Amino acid sequence: MRQIKHDLDSMKNEGQENVPMEERRQFLKMGLAITGIFAGGTIFSAMSVMDKVFASTDEFTAQYPYKPHYGMILFQNRCIDCERCVAACVETNDVPHYGYRTRILMKEMPDAVGLKREFIPVFCNHCNIPQCTRVCPTKATYKDQANGIVMIDINKCIGCLTCQEACPYNARYFNEEKHAVDKCNFCFDTRLSKGEKLTGCAAACPATCRVFGDLSDKGSDLFKAVHQLERPVWVLRPEAGTKPNVFYTKDTSPVAFK
Amino acid sequence: MKKMCAIIAAATAIAVPAMAAENHGGNVVYTKPVKSVHFSHKVHVEEKELSCDLCHARNFEMQALKAQENDDFTMKSLVEGKYCGTCHNGIMAFASNTRCAACHSGVKGTGLSQGSDSANVRIALN
């Protein structure tokens, strides 16, 4: 292989704007981990951590310090579209017939091997980087810093519907009676603030498809389900960059019926 | 005129039971305890070629939706080997605690009427 000689003095600075993003990222990722200690004469040892991937819950909770940090995980294979969750939500939160706080989508794949259909519950993901709160002109919608729920103050909502446009999950609808946009709020005003532990939908599901809980509680079923390496867990539309708090998974073994 | 009526009546008398036999009982859409679970006779009788006795001797009455009148018509019973679970145990057919949406057509599937054989049913049962 021919050696390419570089004469550093004659090389021109290409300018920061011409350095590709990927190169910049790689450079910044070049981190070091301290693997030893400094003790009277012994120098700490540092190890390159360039290709390691970290998942630290402490970093996460530092950036999103909600307590409780409400979220939900859906065991998608268990959903049977009985829509008892939808009925419970409508009943609990006075959802009008033309609107919805939660929907069940159906996916059919005729070419699939074995099972050819599945149901997917969808609702507000209570994102950590919500697109709706970004675009609201009156700050009617906001992420509650106490519990992570994306709330709507109906007194401030002017019905411009920009949030509805912005939401990647189509979670919002305009409620004529309230004269404001409405969406899932994890039944905060109707259940959680009144001492209930579960949202209406989670309580109504006969198949234990919806597991509601507190992500900041390491003992909660939600935390445990989201943090199992052997369990594939995903979110909807990760490319939107919204960091949802609603997760999806499937059972890795046959369902147990009590 | 009377002869014509007699011939038509006779022909219908023969044709209707023949049609019913071909139908094998059609689609049965259970709505209790949850909406809804569909059962296709066509798939079980024509495709899988199962005899009537296999189910109707002991497990199911030959009357649509009779089973859902029982209080124990639950998934737990199926896993214990009752009703559909007699065969859907992972050995004769897929286990009833897998492939939930294969039979559970949900609220969206409640439109399936007896006798119809819509595309939804075809896709679901496999």
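Among contacts in chain A between residues at least 6 apart in sequence, 56% join residues at least 24 apart; two residues are in contact if their C-beta atoms, placed from the backbone, lie within 7 Å. This is a predicted model, where local features need pLDDT of at least 70, side-chain atom pairs count only at pLDDT 80 or more, and totals for chains, interfaces and linings use all residues. Residues are numbered from 1 along each chain as its sequence is written, while chains are lettered from A and ligands numbered from 1 in the order in which they are written.

Colleague: How many helices and strands does chain A have?
Modeller: Chain A has seven helices and 12 strands. Those are DSSP runs numbered from the N terminus: H or I of at least four residues for helices, E of at least two for strands.

Colleague: Which strands form the open sheet of four?
Modeller: The order is 10-3-12-11 in chain A, with mixed pairing. Two strands pair if DSSP finds at least two bridges between them.

Colleague: And which are the edge strands?
Modeller: Strand 10 (210–214) and strand 11 (233–234) of chain A, each pairing on one side only.

Colleague: How do strand 3 and strand 10 of chain A pair, parallel or antiparallel?
Modeller: Antiparallel, over five bridges, with strand 3 covering residues 70–75. A:L74, for instance, has A:R210 in strand 10 as its bridge partner.

Colleague: Switching topic, how many residues of chain A are in contact with chain B?
Modeller: 19 residues of chain A, meeting 19 residues of chain B. Strand 5 of chain A gives the most to that side, with three residues.
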